[in-house]
Amino acid sequence: MVDLDKISIQKIAKTKISEVDFEKIPFGKVYSDHMFMADYKEGQWQNLRIVPYGYMPMSPATPALHYGQSIFEGLKAYKNESGEALVFRPLANWKRMNVSAERMCMPTVPEELFMDGMNTLIDLDRQWIPSTDGSSLYIRPFMFSADEYIGIKPSDNFTFMIITCPVGAYYSTPVKVRIEQHYTRAAEGGTGFAKAGGNYGGALYPAKLAQQDGYHQLIWTDGKEHKYVEESGTMNVMFVIDDTLVTPALGDSILRGITRDSVLSLARHWGIKVEERRISVDELVDGLKNGRVKEAFGAGTAATIAHIELIGHNGEDYYLPPIEKREFSNKVFRELDLMKRGLSPDPFDWVYKV
Ligand code: COI
């Protein structure tokens, strides 16, 4: 059992916050003062602690480094008008982390450990939550295997940590994506639905090839036939086709995005027709050609709602309608943003006050 009275806190000698330009925050490069850590040893979570953010010693034989037994989450904190810290859907992240843990042979993280670690850390570093427009405090919980052993087996020891960083937009412009029909991100029976580090590492090379051609990201297709649209690696993908919001149905190879779920829930709440189903590349490209695809966007914690400017396929770029004409994605972006900042009703009880 986790003894929650036992989060020890070692504070930083001097905050680094004055070094940060909150008007110009890049994504993922600036870290707040403290981090949370817990060790899993002999079948127990223990040694719960908050320490100054910084480097940490580890064995060169740590299996996470060799075999990628590591998982992570991403969520965000905002400030409301009274300066209180609000976190968006942390319990959904906690649940998904445990789905990933199970797939990757790792121990689950008890709710109290995840929530109390996060609360204590955010409470301590609450001045790091930006209040500038379009920014937030990105929270990165993660867990990795920590044995000192390079044989192949699930570890007995693990480290769970939370770090946080003030962030601006992940994509600062509408995104250009290319449909990928050669390389595979995830396959049926694989780990694509889990937030496992290796899913991201394996996607770097094909994404780099697309970036060399001027795209930001890929739209991955299924690993078996490369005929059906899946997700975009940094975000789930959604389309407005005629008057229907359409997104690939979840399966083994698609991340169970929390922003994806939030968008679908809001759309249904607003009475918009929603379809979670297979979308073939042919259907998408035909729809882009004949104007039936009215909107395309990515949905993710880091990406928020990222308008897709164009989709590349077989050497052609298909442009989507101008951003200002995109009724649904602009509305859902606005609504979610207001909700996360405590400025609009929260009918689903998604906003959690620290
Ligand atoms: C997130 O959206 O939180 C992710 O983990 C995606 C990554 C591109 C930062």
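**Reading contacts between domains and around a ligand**

Me: Which residue forms a salt bridge with K353, and how far apart are the closest N and O atoms?

Reply: K353 pairs with E84 in a salt bridge, and their closest N and O atoms are 3.5 Å apart. The model is predicted. Side chains of opposite charge can pair when their charged atoms come close.

Me: Where do K353 and E84 lie?

Reply: K353 is in strand β17 (residues 351-353). E84 sits in the loop between β5 and β6. The pair therefore ties together parts that are 269 residues apart in sequence.

Me: How many salt bridges does a search of the whole structure find?

Reply: The search finds 17 salt bridges.

Me: Now the domains. Which residues does each one span?

Reply: Start with the assignment. Domain 1 covers 4-167, and domain 2 covers 175-340. Their C-alpha centres lie 27 Å apart.

Me: How many residues of domain 1 and domain 2 are in contact?

Reply: Count both sides. Domain 1 has 20 residues in contact with 21 residues of domain 2. Between them the two domains bury about 1800 Å². Carbon and sulfur atoms carry 63% of that area.

Me: How many salt bridges and polar contacts are counted between domain 1 and domain 2?

Reply: One salt bridge is counted between the domains. The side chains of R89 and D261 meet in a salt bridge, at 2.9 Å from N to O. The polar contacts between domain 1 and domain 2 come to 11 residue pairs.

Me: Which elements give two or more residues to the side of domain 1 that touches domain 2?

Reply: They are β4 (70-72), β5 (75-79), β6 (85-88) and α2 (90-103). Helix α2 gives the most, with six residues. By class, this side of domain 1 has 11 nonpolar, four polar and five charged residues.

Me: What lies 2.5 Å from an oxygen atom of the ligand?

Reply: A polar side-chain atom of Y138 does. K195 has a side-chain N or O atom 2.8 Å from an oxygen atom of the ligand. For A302, check the backbone: a polar backbone atom there is 2.8 Å from a ligand oxygen atom.

Note on methods:
Residues numbered from 1 in each chain as written. Predicted model: local features only at pLDDT ≥ 70, side-chain atom pairs only at ≥ 80, totals over all residues. Heavy atoms only, no water. Domains from an automatic or database assignment. Contact = heavy atoms within 4.5 Å. Buried area = accessible area lost by both parts, 1.4 Å probe. Salt bridge = Lys/Arg side-chain N within 4 Å of Asp/Glu carboxyl O. Polar contact = N/O pair within 3.5 Å; in protein donor to acceptor, adjacent residues only side chain to side chain. Helix = DSSP H or I, 4+ residues; strand = E, 2+ residues; numbered from the N terminus. Nonpolar A, V, L, I, M, F, W, Y, C, P; charged D, E, K, R; others polar.
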